[in-house]
There are 2 protein chains.
Amino acid sequence: MSRILAHYDVAAPAAEIEARAAALALEQSIEMPLDAVTSDHVRREVVASVERVEWIEPAGGEGSDAGGGAGPETHRVVLGLAPATMVRADGTAEIGQLVNMAFGNCSLQDDVTLVDLEIPAGLLTAWPGPRFGLDGLRDRVGAAGERRALTMTALKPQGLPPAELAALAATFARAGLDIVKDDHGIADQGAAPFAARVAACQRAISDANAATGGHTVYAPSLSGGPRQLAEQARIVADQGVGMVLACPMLMGLPTFDELVRHELACPVVAHPAFGGAGRMAPPLLLGRLFRLLGADATIFPNHGGRFSYSPAACARLAEVALEPWGHLRPCAPVPAGGMTVDRVPEMLEFYGPDVILLIGGGLLSAGAELEARARQFAARVRSLEVPIP
Amino acid sequence: MSRILAHYDVAAPAAEIEARAAALALEQSIEMPLDAVTSDHVRREVVASVERVEWIEPAGGEGSDAGGGAGPETHRVVLGLAPATMVRADGTAEIGQLVNMAFGNCSLQDDVTLVDLEIPAGLLTAWPGPRFGLDGLRDRVGAAGERRALTMTALKPQGLPPAELAALAATFARAGLDIVKDDHGIADQGAAPFAARVAACQRAISDANAATGGHTVYAPSLSGGPRQLAEQARIVADQGVGMVLACPMLMGLPTFDELVRHELACPVVAHPAFGGAGRMAPPLLLGRLFRLLGADATIFPNHGGRFSYSPAACARLAEVALEPWGHLRPCAPVPAGGMTVDRVPEMLEFYGPDVILLIGGGLLSAGAELEARARQFAARVRSLEVPIP
C-alpha cells in the first residue's frame, strides 16, 4: 500500500532543515535512534520517510535569503507515513493512529504545523465519509434536486428551559429555516436535560412543519463520554430526530468515528469546538478529517466575523469539504460565527450554492421581530440567484 | 456554587481589552448578544463574568507602554464560568462541558491562550482524580514507603512482533526498571496485535520478576474508540496487567474520563500525544486536567530534550501535578523526550524524589549493552541521594 503523505510547515534555518526533517520522521514513527533499529522490516515498512523538503516563500512575500541564514525560515516537509503504523491485522485502520502518527508528538513542538494529509486510495476506504452528504441534507429539508444553499440557525442561550427552547424552535420552523440546531454549549445541563429538551423541540418543529407544510429539521447537540453518547443516540432515534450536532474534537476523533459508524442513523453536523488544536491547518482538520469520519456538514468560522480565519483559508476549507475525494460524499461547508442576514448575498457570492449558511445571534438580536428576520433569512437564501462555479 | 475561574492570556491593545474580555465572556457561555437575552436567570446564572483584567509584563521584560499603545499587548483575563453550564440535573458534571466552556470556541481565536482553571471545591468532587497516585505507583513496584524516584522505559520500535517486544520487556525487568510501557505509537497493528502482545509481554515480565524477585510492572498502550478500549481493558484485567498507558487527547477527554471510571481497575499513565492543542498551557492540560480525570502519572516533554518546554514550564507542570488539590491524590510527573542516563543526577536535582524518570531511546541506543545500561539507570536512580524539597 502507498504511504500516507503528511505535509508540515517547519520553521528551521535552511542549514538545519534536512536534519530537522529526518528527526521529524523518526519522531512520528519509531521515536528512537535509527542506529538502534536492527530489524530490516522496521526500517523498510515502519519508519517514516522524508519525501520532500522545499523552501516556502514567507507569507509576507518579502525577499529572503533561502541559502542559509541563521534565522528560522519556513520549509514544507512532506513525510511518508507507513500504513503498517495504523492498520490492524484484519486490514481495518485506526483513526487515532492516523492522527497519532501524523501529529501525536510533534503537536508539542512549536516549530511544526500540520498542513495536509494525502491518504492513498487503498487506505481511504477504511473510513465511511459522509453517509448523506450535501445532497442527502438537501433531501432531508425538502430541497431534493435543488442546487440551493441551505439555512441553519441555533437555539440559544443555554439556561432556558425546554419549553422556551421549543418555542424558539417553533418560531424558526414557521419562518422556513432548513435546519435548527442546538447551540454547541447546550449539553445535558439541569436547565434543559437532553431527553426532555429533545422531545420538546422535536415536537415543536414537527407541529410547525405539519401546520406550514415545511420540512425544517432539528439537530440536537450530543455531548459526554461514550455511555452518554450512546444513550443520547437512542433518544434521537426514538424521537424521530432528523439530524444531530457533534463536536469531534471535544469527544475525541476515535469516539466520533465509532459514534457515526455504530450509533447514529441520521446525518451529522460537525462543530469545531476545541478544534484550535496545536497548529493543524483548519482545512485539514475541519474540512478533510471531519469529512473522512462522516460529518455531513462542517461548521467553521467565516472570515470577517468573530474569528481570524482568512478568506483564503475559508475558501480552501470549503473546497476540501466538497471536492471529489475517493468514495467520499461531499460534506457541506457551514461558514458561521457572527454572521448576519445582511451578509447573505456576499456569502453566497463567495461560496456559491453548495453551502449552508448559519446565523444564530444575528437572528436572536431581532427581539420581537425574530420570526420576521428569520423569514427574511430563509427567503433571501431561497430567492437569490447564485452563480454556480 | 462558586464559579470556575478560567485564566486567559489575551493579546489586545490596552484600549480594547475591556471590550475584548466582555466579548470573550459571551463567546464562552451563551454565544449571543447580551441585549437579546431576556431571561434574568440566564443573565445571572449562565453568562460568564469578567472577574479580572490585568496587564502582563512581556516575557522579554522590556519596558512597555501599558497605557494605550495601538499594538497588541498581553493581558491576563480571568472569567468566571457558571457551574450551571456544565452540571447535570443530578448534580454530576461533564468534563467535555468544562473544556467546552473554558476553551471550546476561543481555541479557534489566535489571540487567546488558556493558562489555568480554578475549580471550586463543590465542583471538584465531580471527578475522581488519581485512584492510586504517586504512592500507589510506589506500592505497585515494590517501593512502598520509600520516597524515591521511579524508573520507566518504553518498548519500541513499533513493527516488532510480540516475541521480540516480550524479549525486550524481559531484559528491562531483569535490569530492575520499575515500569515498562509500550511506546505510545504501539496500538493494535498487524505486527503485534494488542491481545497477543499484551499476553506475551506480561508473561515475560512476570517470569523475569519470579526469577529476580523484582516488581517490574508492564503498562501496555490503549488505543481506539470506546468499543476497542473496553475490549482492551478486559484483556488487561484478564492478563493481570498492573498498569496502562493512555493518550487522553487522542481518545478525547470525556472518553478518557469514562475509561478511568468504568473500565480500568489499575493505575493509568497519561501520554501527551496530540496535546499541543490550541494554546492551552501545558501545566494546565498535562498537569491539572489529566490529574483531574484520574491519571496516576503524566508524561511530558522535559526541558533540554527534543521539545521546547522551558525549565520553568516543566517545574510548574510537576508542581501542579503534585500539589495539594482538594481530595485528589498526587499525580506523578514523568519528564521525558530524549532523556539519557547521564542526565539522571541533574533531573533528580531538578525534580526531587517525587518523580518518574522515563528513558526510552537513550537505553535502546546501547545496542548489545542494553541490559547493562538499563541496570545502570535503575541503580543510579535508587542510589542517588536526592534532596527532599
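The buried residues of helix α8 of chain A (buried: under 20% relative accessible area with a 1.4 Å probe, protein chains only) pack against α7 (194–212), β8 (244–246), α9 (248–251) and α10 (253–263) of chain A. They also pack against α8 (226–238) and α10 (253–263) of chain B. Contact here means heavy atoms within 4.5 Å. Helices are DSSP runs of H or I with at least four residues, strands are runs of E with at least two, and both are numbered from the N terminus.

This is a predicted model, in which local features need pLDDT of at least 70, side-chain atom pairs count only at pLDDT 80 or more, and totals for chains, interfaces and linings use all residues. Residues are numbered from 1 along each chain as its sequence is written.

Stay with α8(A). Its buried residues are A:Pro226, A:Gln228, A:Leu229, A:Gln232, A:Ala233, A:Ile235 and A:Val236. A:Gly240 follows α8(A), with a positive phi near 70°.

Now the interface. Chain B gives 78 residues to the contact and chain A gives 77. Together they bury about 6100 Å², 55% of it on carbon and sulfur atoms. Buried area is the accessible area (1.4 Å probe) lost on putting two parts together, summed over both.

The two chains share 8 salt bridges (a side-chain nitrogen of Lys or Arg within 4 Å of a carboxyl oxygen of Asp or Glu). One salt bridge joins A:Lys156 and B:Glu31, at 4.0 Å from N to O.

Note on methods
Chains lettered and ligands numbered in written order. Heavy atoms only, no water. Buried < 20%, exposed > 50% of the residue type's maximum accessible area, 1.4 Å probe, protein only.
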